[in-house]
Amino acid sequence: MRHAEFDAIIIGAGFSGIYMLERCRALGFSARVIEAGTGPGGTWYWNRYPGLRCDVESMTYSYSFSDDIQREWTWSERYATQAEILRYVNYVVDKLDSRRDMQFETCVTGAIFDEAEDRWKIETDRGEHYIAKYCIMATGCLSVMDPPRFKGLERFKGQWYHTAAWPKEGVDFTGKRVGVIGTGSSGIQSVPVIAEQAAHLTVFQRTANYSIPAWNRPLDEDSVRRWKAGYPALRKKAQVSPVGADFDPPDKSTFEVSAEERRRRLEEMWQRGSFGFLSAFTDLLTNQAASDLVGAFVEEKIRAVVKDPKVADLLCPKNLPIGTKRLCVDTHYYETFNRDNVSLVDIKAAPIEEITPAGLIAGGVEYALDAIVFATGYDAMTGALFRINPRGRGGMTLKEKWASGPRTYLGVAVAGFPNLFTITGPGSPSVISNMLVSIEQHVDWIADCIAHLRAHDLDLIEPTVEAEDKWTSHVNEVAEGTLFLKSDTWYLGANIPGKPRVCFPYLGGVGTYKKICDEITAKDYEGFALSRAEARAAARVG
Ligand code: FAD
Ligand code: NAP
């Protein structure tokens, strides 16, 4: 059993944990990162399914904090593959010499706030006990897979995989009859690549999703040079933009322009590709009529590609306001359904009944399969936090506190859990953005906050219940003004049985959110209680 004391224990070695460690070290805080995987990378370490790329252009889906890093590293494609992103992560970690403060293959199993000592006591599955002033959750919003819950899976004679826990050595589907269940971002990215290998691919779709072409391409020297030269402006623009990217925010609503102008604008955004498509008009996520119109435009595109009208019809989303589920970004997804070796099965009309030794049965029909890929998603936003289930003041656990949905202040701190921070936690823009921008903003905020505490001889910070209540109401009110609440998505916890239905991310936009955080900091951390050990001791004695 080891007892080691640090200023900060950082849980997770994805983009969040790596940068958090760097900021802590630069400020002279002792810190250790604890990570379950055998290496850094988080999302990009665990997810290795074929076709995985970022859905934000690589030049913006990258760290901005180090000028050296952004000058030295050169992306080869507009949307980097998982392998290239993982190489980038390892390059960053080597450059920063982060590994000496990282502990891999270790799972944090518990964290308890010791009120007598004002310290976090953190336990791992190796029987270690750490003591830390600050407990920083860099545990990821999409790091806990939703395991397949299908009757009969244990009897399946073939191989099965979940996109979130893909074998490191890869999978060869050559000559196999493969089934993919799920058509979210993971399914939509993997289907075209698996189809090229498999003897036959059956895609089991419950809900059709909107997908926009990535128009991926290699990055030539010239464009890389231009991007790099423009980095200072680009990074600033992303930080104040609605989704943390360099898209120009829209300035007109859908019905403010003529039908011709609307069509021209949508076509232009379609040709740019990626989820920037949602920046076509100001009201796409708030006005049902606008959403219908833009949805119809995408539907037209789907029908123009997919030759079989019945298949095209199935692939067109129904009752799903565009963008209220993460807009997928694909390479030849719809084209894949024109292949002779690919078929689409509607499991909304005829749900999967069971997995059999030889395949699966849906709607009374047995589909023979050699391999099944579950692209069925995650227990998002709270999954990883609940696995640790930190215990705060009075022994209250986070699960108890959040039984009816997360309550946070700014998505970064929780009343009753002093000195605990959640990077991109529920109630912050996180998953609605280019996450690298949101991660850097949160890490900077936390690092500046603990530096402030030290500079002012303070050692405890915790939101007030009033500030937390007000923020939680604000998060809900903003969501109510949008179309997001109309869709059954993981943003609302709808994919996990028993999860409370609330909007987990903050939908007010990255730039707006950053402004709020900066104002709160400028007002001496308004809404937080900051205190000093001696003052607390005196108060206890008094
Ligand atoms: P993660 O990368 O999830 O890392 C968290 C780490 O914490 C993991 O390594 C995990 O093992 C570790 N951990 C968790 N709990 C414990 C514990 N108890 N003990 C020890 N270790 C623990 N975002 C975008 O903006 N653009 C994209 O293109 C994009 N693509 C994505 C593709 C996929 C397949 C997925 C799943 C997500 C994608 N995201 C994307 C979101 C992505 O998660 C973030 O962009 C980013 O990588 C998150 O970094 P993170 O460090 O916060 O979390
Ligand atoms: P997801 O968006 O939650 O999609 C899961 C899919 O599986 C949905 O189609 C869902 O159908 C289906 N499904 C789940 N349980 C099912 C069941 N029991 N029976 C039948 N179908 C079932 O998960 P994801 O695709 O892994 O993506 C999660 C998030 O990760 C994305 O939204 C995105 O933020 C991120 N991501 C990004 C990229 C990228 O492009 N870079 C790639 C992958 C993931 P229903 O919709 O009907 O529930």
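Residues 24 or more positions apart account for 72% of the contacts in the protein with a separation of 6 or more, a contact being heavy atoms within 4.5 Å. The model is predicted: local features need pLDDT of at least 70, side-chain atom pairs count only at pLDDT 80 or more, and totals for chains, interfaces and linings use all residues. Residues are numbered from 1 along each chain as its sequence is written, chains are lettered from A and ligands numbered from 1 in the order in which they are written, and side-chain values use heavy atoms, with hydrogens and water left out.

The protein has 17 helices and 19 strands. These elements are DSSP runs, numbered from the N terminus: helices are H or I with at least four residues, strands E with at least two. For 542 residues, a compact globule would have a radius of gyration near 24 Å; the protein has 24 Å, which agrees. The radius is taken over C-alpha atoms, and the globule rule is 2.2 Å times the number of residues to the power 0.38. Along the principal axes, the C-alpha atoms fill a box of roughly 80 × 60 × 45 Å. Of the 542 residues, 58% are buried. Buried means under 20% relative accessible area, exposed over 50%, and partly exposed in between (1.4 Å probe, protein chains only). The accessible surface of the protein comes to about 22200 Å², and carbon and sulfur atoms hold 52% of it. Areas come from the Shrake-Rupley method with a 1.4 Å probe; for residues, only the protein chains shown count as cover.

A residue is near a molecule if one of its heavy atoms lies within 4 Å of it. The side chain of Glu 35 places an N or O atom 2.7 Å from a ligand 1 oxygen. A polar backbone atom of Asp 55 lies 2.5 Å from an oxygen atom of ligand 1. At Val 108, a polar backbone atom is 2.9 Å from a nitrogen atom of ligand 1. Polar contacts are pairs of N or O atoms within 3.5 Å; within protein, one must be able to donate a hydrogen and the other to accept it, and residues adjacent in sequence count only if both atoms are side-chain atoms. On its own, ligand 1 has 980 Å² of accessible area, and the protein covers 94% of it. Nonpolar here means Ala, Val, Leu, Ile, Met, Phe, Trp, Tyr, Cys and Pro; charged means Asp, Glu, Lys and Arg; the others, Gly among them, are polar.

Ligand 2 has 23 residues around it, the closest being Arg 53, Ser 186, Arg 206, Thr 207 and Lys 325. A backbone N or O atom of Thr 183 is 2.9 Å from a ligand 2 oxygen. Polar side-chain atoms also approach oxygen atoms of ligand 2: Ser 186 at 2.6 Å and Arg 206 at 2.9 Å. Taken alone, ligand 2 exposes 910 Å², and the protein buries 86% of that. Helix H5 (residues 185-197) gives the most to this shell, with 3 residues. The shell has 9 nonpolar, 9 polar and 5 charged residues.

Ser 253 lies in the loop between helix H7 (231-240) and helix H8 (259-272). Ser 253 is buried, with a relative accessible area of 18%. Not counting residues up to four places away in sequence, Ser 253 touches Phe 281, Thr 282 and Asp 283.
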